[in-house]
Amino acid sequence: MRLVTFDEGRVGRIEGDEVVELAVGSTREFFERGGVSASIGETGEVLPLAGVRLRAPIQPKKFFHTAGNFAVHHRELAKVNWSHPVHKGIVFFQNVDAIIGPEDDIVYPEGLTKELDYELELAVVIGKSGRWFGPEEAGDYIAGYTVFNDITARDIQRREMQSGVFSFSKGIDTFCPIGPWIVTADEIADPHDLNMELRVNGQVRQSGNTSDMVLKLRDLVAFHSPQGYSAGDLITTGTISGVAAVQPNPFDFYLKPGDVVEAEIQGVGLLRNTVVPWKSAHDTEPYASSIYAD
């Protein structure tokens with residue numbers, strides 16, 4: 001099943017070129033009520049897919065990040081002059097209020113950053129609440145997948161890394177595109193063999209496969225479980241190689257207003273967003289902060 005949120009928060013499943021509306025208040029509620037294993041009714045309304053506006057497919061209660069989990073990208077990170085090493089299994093929380101959906105704009109905060117980067121990631125949707133379990137049980141918690149583009153302000157991240165953390169640089173408003181829908185787990189035969197590709201203005205910037213993950217999905221889901229899950233929570237799996245920050249000439253690769261970013265994962269979907277300047281979204285001068293001035 002491809003599960004969507006559309007228009008003003010309606011929920012549906014895609015059937016061919018149509019959306020069948022489901023009688024449920026949100027995709028999070030869909031999973032809270034048992035997801036594909038539950039008897040969730042339909043409203044009777046069927047709409048053409050081309051005629052609806054797709055939104056971010058879910059608004060999770062918690063959004064867990066994993067860093068440095070793809071082997072090739074991890075080796076790339078070792079070449080960057082971070083103040084602290086990036087180990088596999090680094091965990092932090094994403095700001096759920098930064099979530100945007102397909103075709104929503106990524107707003108470039110020119111007053112805060114000059115180094116806007118992209119990171120294509122597979123996101124896992126948790127299907128039920130639970131905690132304190134091992135890899136042998138973790139498969140029961142994986143309900144589906146969506147595409148995530150981890151937009152990152154690298155200049156802010158370098159400053160954060162002086163304290164060994166990075167969160168603000170990834171949690172700024174509109175920095176969390178997900179979508180275009182949730183593909184339920186039963187639709188993906190092997191989540192560890194999916195091609196991944198990110199393009200900017202049609203040019204391939206990232207290319208890889210989920211087979212390169214160091215911590216596989218069951219291990220990753222179990223690893224996060226001491227923090228406790230709610231149905232509909234998201235876990236990211238880390239990005240693949242090719243981000244702008246690791247290039248010899250990163251400023252030729254950093255995102256800029258006008259760029260169209262396409263993040264695609266085989267069998268999961270294609271997430272497209274455009275980077276826009278601050279003034280296209282705000283009636284003020286670009287927000288700035290002097291916190292790092294000293």
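Guide: Start with the surface: the accessible surface of the protein comes to about 12,700 Å², and 49% of that belongs to carbon and sulfur atoms. Bear in mind that this is a predicted model.

Visitor: How do you know that the radius of gyration agrees with a compact globule?

Guide: The rule is 2.2 Å times the number of residues to the power 0.38. For 294 residues that gives a value near 19 Å, and the protein has 19 Å, so the two agree. Along its principal axes, the C-alpha trace spans about 60 × 45 × 35 Å.

Visitor: How many helices and strands does the protein have, and what percentage of its residues count as buried?

Guide: There are five helices and 18 strands. Of the 294 residues, 54% count as buried. As for contacts between residues at least 6 apart in sequence, 74% join residues at least 24 apart.

Visitor: Why is glycine 144 called buried?

Guide: Buried means under 20% relative accessible area. Glycine 144 has 0% relative accessibility, so it counts as buried. This glycine is found in strand E11, residues 142-149.

Visitor: What does glycine 144 touch, not counting residues up to four places away in sequence?

Guide: Its contacts are Ala123, Val124, Val125, Ile182, Val183, Thr184 and Ala185. Aspartate 186 is 42 residues from glycine 144 in sequence, with 7.8 Å between their C-alpha atoms.

Visitor: Why does glutamate 21 count as buried?

Guide: The cut-off is again under 20%. Glutamate 21 has 11% relative accessibility, and therefore counts as buried. Its place is in strand E3, residues 18-22.

Visitor: What makes the pairing of glutamate 21 with arginine 10 a polar contact?

Guide: A polar contact needs a pair of N or O atoms within 3.5 Å. The side chains of glutamate 21 and arginine 10 make such a contact at 3.0 Å. Leaving aside neighbours within four places in sequence, glutamate 21 is also in contact with other residues, including Phe6, Val11, Gly12, Glu42, Thr43 and Glu45.

Visitor: What makes helix H4 mostly covered?

Guide: Six of the eight residues of H4 (residues 154-161) are buried. They are Arg154, Asp155, Ile156, Gln157, Glu160 and Met161. The buried residues of H4 pack against strand E9 (116-117) and strand E12 (152-153).

Methods. Residues numbered from 1 in each chain as written. Predicted model: local features only at pLDDT ≥ 70, side-chain atom pairs only at ≥ 80, totals over all residues. Heavy atoms only, no water. Helix = DSSP H or I, 4+ residues; strand = E, 2+ residues; numbered from the N terminus. Buried < 20%, exposed > 50% of the residue type's maximum accessible area, 1.4 Å probe, protein only. Contact = heavy atoms within 4.5 Å. Areas by Shrake-Rupley, 256 points an atom, 1.4 Å probe, with all protein chains shown as cover. Polar contact = N/O pair within 3.5 Å; in protein donor to acceptor, adjacent residues only side chain to side chain.
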